[in-house]
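Subject: A structure for you to look at

Hello,

Here is the structure I promised to pass on. Please open it beside this email and follow along as you read.

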Amino acid sequence: RQTWRSLEQVEFLLDCVVRNEGEPDIVQISGGEPTIHPEFFQILDAAKSRPIKHVMVNTNGIRIAQDEDFAKRLS
């Protein structure tokens, strides 16, 4: 059974990091395989909309290698 944190939960966590660190240098999106999360791009947009200097995605890269549209959307 697949379970994911909701977009609202992730946004809350991002807000906590920003509140605690001000302008975090790096936030890493990981845990399992983040690229299969049904709201992956909304999560990425949420992270990019906050004062975070660098957003990293910890992935095995399979979806990026196999899904050309997904890879294009990342750039």
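First, some background. This is a predicted model, in which local features need pLDDT of at least 70 and side-chain atom pairs count only at pLDDT 80 or more, while totals for chains, interfaces and linings use all residues. Residues are numbered from 1 along each chain as its sequence is written, and side-chain values use heavy atoms, leaving out hydrogens and water.

Let's start with the helices. Helices (H or I, at least four residues) and strands (E, at least two) are DSSP runs, numbered from the N terminus. Two packed helices are described by the angle between their axes and the distance between the axes. Here, helix 1 (residues 7–21) packs against helix 2 (residues 40–48) at an angle of about 20°, and the axes are 10 Å apart. An axis is a line fitted to C-alpha atoms, for helices over the stretch in contact, and the angle runs from 0 to 180 degrees between N-to-C directions. The angle therefore makes helix 1 roughly parallel to helix 2 (under 35 degrees). On the helix 1 side, the contact (heavy atoms within 4.5 Å) is made by Leu 7, Val 10, Glu 11 and Leu 14, and on the helix 2 side by Gln 42, Ile 43, Ala 46 and Ala 47.

Next, the aromatic rings. The structure has three aromatic pairs, where rings of Phe, Tyr and Trp (its six-membered ring) pair if their centres lie within 6.5 Å. Phe 40 and Phe 41 have ring centres 5.1 Å apart and planes at 75°, so this pair is edge-to-face (over 60 degrees; under 30 is stacked, and the rest are tilted). Phe 41 also pairs with Phe 70; this pair is tilted, with 4.9 Å centre to centre and 55° between the planes. That pair links distant parts of the chain, as Phe 41 sits in helix 2 and Phe 70 in helix 4 (residues 68–74), 29 residues apart. Ring pairs join Phe 40, Phe 41 and Phe 70 into a cluster. Phe 40 and Phe 41 are both buried (under 20% relative accessible area, with a 1.4 Å probe and protein chains only), and Phe 70 is buried too.

Finally, where is Asp 25? Asp 25 is in the loop between helix 1 and strand 1 (26–29). With 42% relative accessibility, Asp 25 counts as partly exposed (between buried and exposed, which is over 50%). Leaving aside neighbours within four places in sequence, Asp 25 is in contact with Lys 53 and His 54.

Best wishes

Conventions
Parallel < 35°, antiparallel > 145°, perpendicular 65-115°, else oblique.
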